[in-house]
Amino acid sequence: MGRPITMITGQWGDLPSDTLFAFMQKVGFDGAELCAGGDHFNVQKALNEPGYCEAKKEQMKKYGLSCWAISNHSMGQAVLDIIDIRHKSVLPDYIWGDGDPEGVNARAAEEMKATARAARKFGVNIITGFTGSSIWPYLYSYPPIPPGAIEAGFALLAERWTPILDIFSENGVKFALEVHPTEIAFDLYSAEMALDALNHHPAFGFNFDPSHLIWQGVDPVKFIRKFPDRIFHVHMKDAAVRLDGESGILGSHLNFGDHRRGWDFRSLGHGDVKFDEIIRALNDIDYQGPLSVEWEDSGMDREYGAKEAFEFVKKVDFAPSKIAFDSAFDRSKKVQ
């Protein structure tokens, strides 16, 4: 169809941007979903260092790449989470500070506002990311969850994220939450609850990623059709469910890549996601944005996987029909 085929750079954060961009150019990608961090995209330099944004654009142009979205997943996670030692490894020192949870939450919120301003300066109007969740530990109701605790979690979402989203709106930027376990919205119903809690803020929508829905038993196509005006960005990633009577859907505390897991991420075309139906649904809602490969497959070489994923997306991204097939039987329209 010609939608841009991009790749999120986060899983390639160990590579300098020049090395990664050269590889992406060789494969044929149209652009990069730049991950905030390292030399891929630096929010503070974009805001405060004269010429940074122009230099980054020129660097990407040299490799024939464009940018339609910036990712700041880890920073968004820290806005709403109950902060603990896990967050230290994914946050820069100037956000972690002394590790005081309230301070981390506040600094992360300010960095998300800064990301919106940096995106505007860079000429990008979509930021993908996470929100975090103060109530994710309450997923299973034991010990019994106190009355009102879940509602309080969504109220905290509104309290902390509405000021951030207001800055997004002021800068003409939208936030695309990747619906995902550990986020305030992790399936269809919790996504509805998040939208309601935020009073359907115009800057808030979703980064659609079917891999996080399929293993939960949520139909990704139904998600698209439920939120047609809120699909701001799309990740292309696959997952496979492999319950064998011994494994569990919760992962059994086994690392990704362990063959005993009940489900795992797969490179595109190697899992259970029906991408043909997803493309049909995206066509129906007239989604014209990028299809961004998020490559995560612990059992496959990533360069091989990225090349194969690019070709998979290129092949599956078909355009909708511009005619009704049965109209050809209309004698008034036949070529004489």
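Predicted model: local features only at pLDDT ≥ 70, side-chain atom pairs only at ≥ 80, totals over all residues.
A salt bridge is a side-chain nitrogen of Lys or Arg within 4 Å of a carboxyl oxygen of Asp or Glu.

Asp 81 sits in the loop between helix H4 (73–80) and helix H5 (93–96). What does the side chain of Asp 81 make a polar contact with? The partner is the side chain of His 87, at 2.8 Å. Leaving aside neighbours within four places in sequence, the residues in contact with Asp 81 are His 87, Asn 105, Gly 132, Ser 133, Arg 160 and Thr 182.

Arg 86 does form a salt bridge, with the side chain of Asp 84 (2.8 Å, N to O). Arg 86 is exposed, with a relative accessible area of 56%, while Asp 84 is partly exposed at 31%.

By the same cut-off, the count for the model comes to 13 salt bridges. One of them joins the side chains of Asp 18 and Lys 62, at 3.9 Å from N to O. This pair links distant parts of the chain: Asp 18 belongs to helix H1 (residues 17–27) and Lys 62 to helix H3 (residues 52–62), 44 residues apart. Asp 18 is partly exposed, with a relative accessible area of 35%, and Lys 62 counts as exposed at 56%.

Another salt bridge lies within a single helix. The side chains of Asp 276 and Arg 280 meet at 2.8 Å, N to O, and both residues lie in helix H11 (residues 275–284), 4 residues apart, about one turn of the helix. An α-helix has 3.6 residues a turn, so residues three or four places apart point the same way. Asp 276 is partly exposed at 33% relative accessible area, and Arg 280 is partly exposed at 42%. Elsewhere, Asp 209, Lys 237, Glu 294 and Glu 296 are linked in a network of salt bridges.

Helix H1 also has a buried side. Which residues of H1 are buried? They are Ser 17, Leu 20, Phe 21, Phe 23, Met 24 and Val 27. These residues lie on the same side of H1, because they cover an arc of only 160 degrees around the axis. The elements that cover the buried residues of H1 include strand S1 (5–8), strand S2 (31–35), H3 and helix H12 (302–316). After H1 comes Gly 28, whose phi is positive, near 120 degrees.

In soluble globular proteins, nonpolar side chains tend to be buried together. Here the largest nonpolar core has 92 residues, and those with the most contacts inside it are Trp 161 and Phe 223. Not counting residues up to four places away in sequence, Trp 161 touches Gly 76, Val 79, Leu 80, Met 112, Phe 130, Thr 131, Phe 175 and Leu 198.

Finally, Ala 155 lies in helix H7 (residues 149–170). Is Ala 155 buried or partly exposed? Ala 155 is partly exposed, with a relative accessible area of 46%. From C-alpha to C-alpha, Ala 155 and Ala 194 are 9.3 Å apart in space, and they are 39 residues apart in sequence.

Definitions and conventions
Residues numbered from 1 in each chain as written. Heavy atoms only, no water. Helix = DSSP H or I, 4+ residues; strand = E, 2+ residues; numbered from the N terminus. Buried < 20%, exposed > 50% of the residue type's maximum accessible area, 1.4 Å probe, protein only. Arc of directions from axis to C-beta. Contact = heavy atoms within 4.5 Å. Core = buried A, V, L, I, M, F, W, Y, C linked by side-chain atoms within 4.5 Å. Polar contact = N/O pair within 3.5 Å; in protein donor to acceptor, adjacent residues only side chain to side chain.
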